[in-house]
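Student: I would like to learn how the words used for a structure follow from their definitions. Could we take them one at a time?

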Amino acid sequence: AERLTGRTALVTGSSRGMGRAAAIRLAQEGALVAVHYNRDEAAAREVVTSVEKDGGRAFAVRGELGVDGDVDGLFAVLEEDLRERTGSTDLHILVNNAGVMGGVGADEVTPEQFDRIFAVNAKAPFFLIQRALRNMPDGGRIINISSGLTRFANPDEIAYAMSKGALEQLALHFAKALGPRRITINSVAPGITRNGNPVFDIPEVVEQMAGLSAFGRVGEPEDVADVVAFLATDEARWITGSFVDATGGTLLG
Ligand code: NDP
């Protein structure tokens, strides 16, 4: 049975990758999903079409995160879209998935790059939560996509890992504040997960990355999307403030 019928969801960065898979998965459970993207409108539309073909409901919403006015701009459009489709501006599920990697070593990252990583990965999720809480009914769900790199050393991604460490703090402190409203907030930490990055086309590199997981393969977007969908359901009502390891056993060492 569909577990999210009557719910609405915003998944940031769902034009591709794990966000896309999460949007599709939440729609399969019956949620009306806002497929948020920044640059790739065609990709976001493709996600909407694929949800609709499957009998689900979704719409695309654009907005660059990590810049002044980002959250208010996004919510102005989102509220209109929600009202049009549901007659209300209730938002039951927020998935903070959009994120940027650094890809530069600690010896060469610039202050501008550092600020950008924090603006998109940590600051935007904080203010999206702050804003979304005005629309979120009791029993709502907030899910933040962190990274196994908060517990797995990689000197090439220190600034990125710092930003995800900051993101993880949201679950701890907001969980306490939102308990009375039965709103849960959790961090999901993926390991290496297939996305559009060309490294996933190089078999030797994929084999090496696969070796990091206890299961001997890289993660697929759906591996993480299933975890996100579960946390969004009523069945996950007793889990809040958690770090959910969705790395396929990469953190086992
Ligand atoms: P992708 O890089 O494939 O996609 C990123 C998505 O975020 C796109 O939809 C993109 O939109 C959107 N986005 C990026 N920057 C912005 C911005 N400034 N404003 C608005 N939207 C933005 O994502 P992945 O599936 O690889 O990663 C999803 C999340 O998982 C991220 O938070 C990432 O840090 C995390 N993660 C990823 C891992 C991996 O191995 N892939 C491992 C661990 C964590 P558009 O393309 O339309 O511009």
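Tutor: Two strands are said to pair if DSSP finds at least two bridges between them, and the strands themselves (E, at least two residues), like the helices (H or I, at least four), are DSSP runs numbered from the N terminus. What you see is a predicted model, in which local features need pLDDT of at least 70 and side-chain atom pairs count only at pLDDT 80 or more, while totals for chains, interfaces and linings use all residues. Residues are numbered from 1 along each chain as its sequence is written.

Student: What makes S5 and S6 a pair?

Tutor: S5 and S6 are joined by five bridges in the parallel sense, and since at least two are asked for, they pair. Within this pairing, Arg141 stands opposite Thr184 in S6. On its other partner strand, S5 (residues 141-145) is joined by four bridges to S4 (residues 93-96), again running parallel, with Val95 having Ile143 as its bridge partner.

Student: How does the chain cross from S4 to S5, and what is the hand of that crossover?

Tutor: The chain passes from S4 through helix H4 (residues 111-132) to S5, and this β-α-β crossover is right-handed, a word used if, with the strands pointing away from the viewer, the path from the first strand over the helix to the second runs clockwise. S2, helix H2 (residues 41-53) and S3 likewise make a right-handed β-α-β unit, and the strands S2 and S3 (residues 57-62) run parallel, joined by six bridges.

Student: Why is strand S2 called largely enclosed?

Tutor: A residue is buried if 20 or more other C-beta atoms lie within 10 Å of its own, exposed if 12 or fewer, and partly exposed in between, with C-beta atoms placed from the backbone. Six of the six residues of S2 (residues 32-37) are buried, so the strand is largely enclosed by the rest of the structure. Leu32, Ala34 and His36 point one way and Val33, Val35 and Tyr37 the other way. In a regular strand the side chains alternate between the two faces of the sheet.

Student: What makes a group of residues a nonpolar core, and how many residues has the largest one here?

Tutor: A nonpolar core is a set of buried Ala, Val, Leu, Ile, Met, Phe, Trp, Tyr and Cys residues joined through C-beta atoms within 7 Å. The largest here has 68 residues, and Val188 is among those with the most contacts inside it, while helix H5 (residues 158-178) gives the most to this core, with eight residues. Leaving aside neighbours within four places in sequence, Val188 is in contact (C-beta atoms, placed from the backbone, within 7 Å) with residues including Ile143, Ile145 and Val228.

Technical notes: Contact = placed C-beta atoms within 7 Å.
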